Number of protein chains: 2
Amino acid sequence: MPHVTPDEFREHGHALIDRVAEYLETVEDRPVVPEIEPGAVRAMLPEHPPTQPESWDDVMADVERVVLPTITHWQHPGWFAYFPANTTYSSILGELLSAGLGVQGMSWITSPACTEIETLMLDWMQELLELPEAFRSTSRWGGGVIQGSASEATLVAILAARWRATGGDVNADGDTSLLTAYTTSQAHSSVEKGLRIAGIGTDRIRVVEHDETFAMRPAAFRDAVNADTKAGFRPFFVCSTHGTTSSMAFDPTSAIADICRVNDIWLHVDGAMSGIAALAPEHRWVNEGLEHADSYCTNPHKWMGVNFDCTLYWTTDRAALLGALSILPEYLRSAAAESGAAIDYRDWQIPLGRRFRALKLWFTIRLDGVASVQDRIRRDISLTQELAEWVAGDERFDIVAPHPLNLLCLRAAGDDLDETNERTDTLIDRINSLGKAHVTRTVLGGRSVLRVSIGARTTEREHVIALWAQLRGLIS
Amino acid sequence: MPHVTPDEFREHGHALIDRVAEYLETVEDRPVVPEIEPGAVRAMLPEHPPTQPESWDDVMADVERVVLPTITHWQHPGWFAYFPANTTYSSILGELLSAGLGVQGMSWITSPACTEIETLMLDWMQELLELPEAFRSTSRWGGGVIQGSASEATLVAILAARWRATGGDVNADGDTSLLTAYTTSQAHSSVEKGLRIAGIGTDRIRVVEHDETFAMRPAAFRDAVNADTKAGFRPFFVCSTHGTTSSMAFDPTSAIADICRVNDIWLHVDGAMSGIAALAPEHRWVNEGLEHADSYCTNPHKWMGVNFDCTLYWTTDRAALLGALSILPEYLRSAAAESGAAIDYRDWQIPLGRRFRALKLWFTIRLDGVASVQDRIRRDISLTQELAEWVAGDERFDIVAPHPLNLLCLRAAGDDLDETNERTDTLIDRINSLGKAHVTRTVLGGRSVLRVSIGARTTEREHVIALWAQLRGLIS
């Protein structure tokens, strides 16, 4: 009954595979960000839906005419913006298989392989990243799951923390009025968003002071907790970030953990971008303090190249997670789950439904191999350090934050804040307008900053050299 | 640097396309649900990750040996369980293109086409389903977005409602202590889950009485609202379900809306499964009362065949949605968004990151055509009514709920509750153990019920006839 038959699917599918490969191999020829105004895409398409099926050729003609010129090319070798969101060939194949099988992994019984391969992948990654044994599914209280995004991982951590701090009462009374949460101004926006969703308004979110490296000051955290406790609040959650979004700062998790232990505070560590660095043994310092964490997340969909969405979330307290999120109507009961022998991942996340996302991680680890990801991590860190040396040797620039991994934060040098801010902003605009590279602006300590994030799959040394030439040539 | 090269991707991609087509065409040869015990999948795979890259042939051999025999086959023509989660060929191609382009649609500027085509698809679907004009992005206050699941749609509706009822104060004080919410016992589990997440504990969730058709009694809703208001609570949210999960009951939305209007209660309508029926003009009664809704969702990833995940969410009050979910750190600012000319969909959902999910809906509407989906809807409803006639003509069965669309709820006839429950449960187990068809058990009014959901893409009349033969032959 569907218009696309199996044979047409084979024919179009082959063509589309070829087109995707060609796109990824030639993406450098396009400007990184399209030069269009809001509304321009819609104006190229019919305002009303078609009444008859259209041909594959017509649809692909619109992909060429409308879509490719109006997307922002995250796979471009000049992608130095935000963080990378790489999509490797192996993970594209994994996503294709997932879409083709069309199974639902909400419960073990609704597709056993979907659940069990996911659990195994989380255990494989625990091993590959050398994370604490307490994160393994085979441990007494721990385990891992694939979330759709670090935002969702943060939210489920908050919900588990909220459940534990209230002894589960929150499920019935919804009372969060005494709970206080802690993080720095450098934490990801999803921390505030998640807390707000969970009923912890900004009045009870403590923005803990950071030091000159933009890392949390443990003493400030301790003081805030003590003040809240004295005032009758119940400190319940802290987010320690391993690699902040603005400058890749590392909060001191072990020191934070000391305070959590005394005060029974849930310690969530957000290593969304940088956690993957631990695939390379010499960078396992990024795991500092994780042995004290109640939960942790890192994103293979950034540096590791597994296409979005693939966030890994581990906890050492799955009872709290299940306490917070488990709901069991009749139509979802199963013998396997009730016996405790099986994991029903619907109780580990916000949504009910879930795709077979483990396939793309499985494909990447097996087909590309971990060594290829280690190579990429080492290359990106090395290129970042090389660029940092060039920047440090040019008096027109200041480096404004530590750069232990693959993010460099720089700005125009000078004493006048307004003038240097303006020169920095102008430099960002000039680079971006050329379309050969894309960088993101941020603000650190009230100062405009140009972020250079080096991590796109296709970025080679020549692209970093070209960026440096632009930086030198375009600064006013 | 990655092991899979562009040429290997072309070669393996073609092979995988062919394999997916073959899988979908031959899925009927497999038992619907694998007969395995928890742990069986993992036992077939290495406990530790590989240290070297593996060959495509080795990986695909494991797909054949391990994965295909241990997934539950949602695309099987004997899939009468839960609800369908169809994956059409056109939508698989759309998902492949999305994975291949690897763009992020969190903001307009991070990929304009990703945002604008999504907005257009929501407007196309508003038109195709003949939903209220106030849902369109071009209306004064409305608009739509693709969510990952109906659970997330329900949660964002609750959060918008919470924001509006508190005049936005909840973002700062997190105070939900006076808010009360309403639904029936037949609403989806995600309603309770979402309310709990939002700090509305079960103490303040009112389970409103339903009638003998399992639809909400408006008078009971009104009485509950009045009692709460009198007691000093602030009734703020009701979920009216169009097609409940257990029995496809329809809550009377217009009557519910009358009470909402007087009491300023957010009216969310959950049409996750059945809303797609409105693609066929003669079934547009499923839209009853939507002109009064503050928000609505329906899932193309069920009946329409767009592979999971693709939930459509519309609201007529986008200011409340943005009020609840907008967070704007420096590194996410953009001129296009600040001018108000562009939509930044990160503020319409829980996660930050988002895939180009609109492509698969665009591909389905254009390549398959709406007529093919209308055909499927009409076929499934017709088959359900035919089966209902056969069941009604056999005194060994009772039909226990109205069946206006494609779900039939039946049970063993008889006066003894325990005995008929047991015979019903036994019948479910017998059918499922044969592996030719799969049905789900639910409980309605304390009685065991066998649900027959007819909606898999591949289900034809012969499969319903075969199911009926099993029902007749296996009932004790």
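Let's start with a pair of strands in chain A of this predicted model: strand E2 and strand E8, the latter spanning residues 311-315, run antiparallel and are joined by five bridges. One of the residue pairings between them links Gly144(A) with its bridge partner in E8(A), Trp314(A). As a general point, the strands of a sheet pair through backbone hydrogen bonds, in either a parallel or an antiparallel way.

Now step back to see where this pair belongs. In chain A, seven strands make up an open sheet with mixed pairing, and their order is E2-E8-E7-E6-E5-E3-E4. The edges are taken by strand E2 (143-147) and strand E4 (205-208) of chain A; each has a single partner strand, so one side of each is left without a neighbour in the sheet. From one strand to the next, the twist averages 20°.

Finally, look at how the two chains meet. Here 128 residues of chain A are in contact with 129 residues of chain B. On the side of chain B that touches chain A, helix H1 (residues 6-26) of chain B supplies the largest share, 13 residues. That side of chain B is made up of 66 nonpolar, 40 polar and 23 charged residues.

Notes: Residues are numbered from 1 along each chain as its sequence is written. Chains are lettered from A and ligands numbered from 1 in the order in which they are written. This is a predicted model: local features need pLDDT of at least 70, side-chain atom pairs count only at pLDDT 80 or more; totals for chains, interfaces and linings use all residues. Two strands pair if DSSP finds at least two bridges between them. Helices (H or I, at least four residues) and strands (E, at least two) are DSSP runs, numbered from the N terminus. Axes are lines fitted to C-alpha atoms, for helices over the stretch in contact, and angles run from 0 to 180 degrees between N-to-C directions. Two residues are in contact if their C-beta atoms, placed from the backbone, lie within 7 Å. Ala, Val, Leu, Ile, Met, Phe, Trp, Tyr, Cys and Pro count as nonpolar, Asp, Glu, Lys and Arg as charged, and the others, Gly among them, as polar.
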